[in-house]
Amino acid sequence: MTEFDLVVVGGGVTGAGVARDAALRGLKVALVEKARPGGGTTATSTHLIHGGVRYLLYDRLTTHSSCWDSGHIVRTSGDLLTRLPIVWPVYKGHARGLETVETMFEEYDRFQPMKYGRPHLRLTPEAALKIVPGLTAEGLLGAIAFDEWWVDAEALARRTLESAQAAGAEVFLDAPATEILKEGGRVAGIRAGGRELRGKITVNAAGPWIDKVSTLAGVRTPLRLMKGTHLIYKNKALTPVGLLLEAEGKNRYVFVVPSPLGTWVGPTDLPGPDDPDETRTTDDEIGYLTRSVKRYFASWPERHDSTIVGSRPILGQPGSEKQLSRDFEVYDHESRDGLGGFLTIGGGKMSDYRIMAETAVDEVCRKLGVSAACRTQSLTLDGKPVTDIPDWPHPSPDLKKFLRTKPLLRELHALSYLGAGFATHLARRAAGLTPISDENEFRRRYQ
Ligand SMILES: Cc1cc2nc3c(=O)[nH]c(=O)nc-3n(C[C@H](O)[C@H](O)[C@H](O)COP(=O)(O)OP(=O)(O)OC[C@H]3O[C@@H](n4cnc5c(N)ncnc54)[C@H](O)[C@@H]3O)c2cc1C
């Protein structure tokens, strides 16, 4: 029987990131995954490495921190990422008008360089119709274009795990953790897939299953699971670019994402069941997504080919469902619950999985008394050195944590920037300083 420094439960992008980070610091690591790498929530995501422009409305620091870490992911993940131009068409009667939407993107432009994103463009209606053939012309006032990175999310988890293995980590697939071993009041490892894996520290990185796994240890990690469904059309490019569309019912938005995996429409964002294994797509979700996309296209396929659903592992917190912070946290069950040797990492997004892992492994090293610096930002997934790492400022983790529990204050913080931005935008617009571009400028900028 081998004794590991660290045993990781969960081989989604988060657990894979933790295993890679720890192995690169020289720790002896084992990771167990109950199914296949990245096959949980990671596979059901919209597959974007992005800052989440929507969070600028109520959780600006998450946009900042996701863009910051996305830059590291772009530098280290190479050909797994593709630049995806996205068009947001604005129509008469939409909840958010062109000036408001453009103000959001002027704010987003501040963070875009962190992840090698290009500044937004405001487009004429004619340009939007040329870029997105078949888009409804009636009522179209114009559009905003911006870009994000598309990633094959399962491949990102798989390649991160392969990088961990190359650095010495042992990975066990089809190995559900069914028992948390305890000795002398501490967690001493796990039993998984018929094996006993003993570890000085165990990290629970099971995404939406973290509460189920921590319950095995007799402690709780409450989440506010929000389920999300996408419709999948086999045709890889029903639209030539991505779209962000105001959905049926206003104040709700869906992406249309053309990709090698097909064209994805979604996601929904609804309170999910507490048990992620019970998460299912409903006919209501399918109807909502279908109607939301079809109202923009006179001709759109009658039927989708399949659906995919997952649970967002959002931290337990106060506030309305529409404004939940996507911040992450590493729980130390020793200081929290009196149970040594056990950490849980929860919340976050795929777009900041690297810093999530770094934060968790910093804590592991502190507990083990090991001083070894994080290397995940300075080596690509296939082991090449990364040079020229810009020194962008990172938002204060303490401020993020403070605002997470104060939803009103967090919204005010975000809106104060947007309010000031809106005044500046209107003044610049009145002075003729906000250009409106055509399709040629769009192609020059994003292709
Ligand atoms: C609809 C939707 C859209 C999203 N879109 C985006 C996006 O575009 N960009 C973005 O950045 N983020 C997005 N997210 C969020 C992102 O997908 C998640 O934050 C991220 O994938 C979580 O990764 P994870 O590794 O923590 O969880 P998971 O990917 O769920 O991994 C957890 C793993 O633990 C395993 N596991 C569970 N229990 C056990 C056990 N007992 N033993 C062993 N293994 C176990 C599971 O099989 C699973 O593979 C989206 C989320 C959803 C739901």
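User: Before we start, what should I know about the model and its numbering?

Analyst: This is a predicted model, where local features need pLDDT of at least 70, side-chain atom pairs count only at pLDDT 80 or more, and totals for chains, interfaces and linings use all residues. Residues are numbered from 1 along each chain as its sequence is written, and side-chain values use heavy atoms, with hydrogens and water left out.

User: What makes a residue part of the shell around the ligand, and which residues come nearest?

Analyst: A residue is near a molecule if one of its heavy atoms lies within 4 Å of it. The ligand has 37 residues around it, and Thr-14, Glu-33, Thr-42, Leu-48 and Ser-351 come nearest. By class, 14 are nonpolar, 19 polar and four charged. Here Ala, Val, Leu, Ile, Met, Phe, Trp, Tyr, Cys and Pro count as nonpolar, Asp, Glu, Lys and Arg as charged, and the others, Gly among them, as polar.

User: Which atoms of Thr-14 and the ligand are 2.7 Å apart, and why is that called a polar contact?

Analyst: The pair is an N or O atom in the side chain of Thr-14 and an oxygen atom of the ligand, 2.7 Å apart. A polar contact is a pair of N or O atoms within 3.5 Å (within protein, one must be able to donate a hydrogen and the other to accept it, and residues adjacent in sequence count only if both atoms are side-chain atoms), so this pair qualifies. The backbone takes part too: an N or O atom of Leu-48 is 2.7 Å from a ligand nitrogen, and one of Met-350 is 3.1 Å from a ligand oxygen. Taken alone, the ligand exposes 1000 Å², and the protein buries 96% of that. Such areas come from the Shrake-Rupley method with a 1.4 Å probe; for residues, only the protein chains shown count as cover.

User: How do you know that the ligand lies between two domains?

Analyst: Domain 1 (3–41 + 154–222 + 325–374) and domain 3 (226–312) both give residues to the shell, so the ligand lies between them. The bounds come from an automatic or database domain assignment. At least two shell residues each come from helix H1 (13–24), helix H2 (41–44), strand S11 (226–233) and strand S16 (306–312). Helices (H or I, at least four residues) and strands (E, at least two) are DSSP runs, numbered from the N terminus.

User: Why are Lys-200 and Asp-5 called a salt bridge?

Analyst: A salt bridge needs a side-chain nitrogen of Lys or Arg within 4 Å of a carboxyl oxygen of Asp or Glu. Lys-200 and Asp-5 meet at 2.9 Å, N to O, and therefore pass. Lys-200 sits in strand S10 (residues 195–204) and Asp-5 in strand S1 (residues 3–9), so the pair ties together parts 195 residues apart in sequence. By this rule the count comes to 42 salt bridges.

User: What makes Arg-110 exposed or Glu-107 buried?

Analyst: Buried means under 20% relative accessible area, exposed over 50%, and partly exposed in between (1.4 Å probe, protein chains only). Arg-110 has 53%, so it is exposed, while Glu-107, with 3%, is buried. Their closest N and O atoms are 3.2 Å apart, in a salt bridge. The two are three residues apart in helix H4 (residues 98–111), so about one helical turn separates them.

User: Where is Asp-269, and why does it count as buried?

Analyst: Asp-269 is found in the loop between S14 and S15. Its relative accessible area is 15%, so it counts as buried. Its side chain makes a polar contact with the side chain of Arg-312 at 3.1 Å. Asp-269 also forms a salt bridge with Arg-326, the closest N and O atoms being 4.0 Å apart.

User: What is the phi of Tyr-116, and why point it out?

Analyst: Most residues other than glycine have a negative phi, and most peptide bonds are trans. Phi of Tyr-116 is near 60°, a positive value. Tyr-116 has a relative accessible area of 31%, so it is partly exposed. Asp-388 has a positive phi too, near 55°, and at 70% Asp-388 is exposed. As for peptide bonds, the one from Gly-266 to Pro-267 is cis, with omega near 0°.
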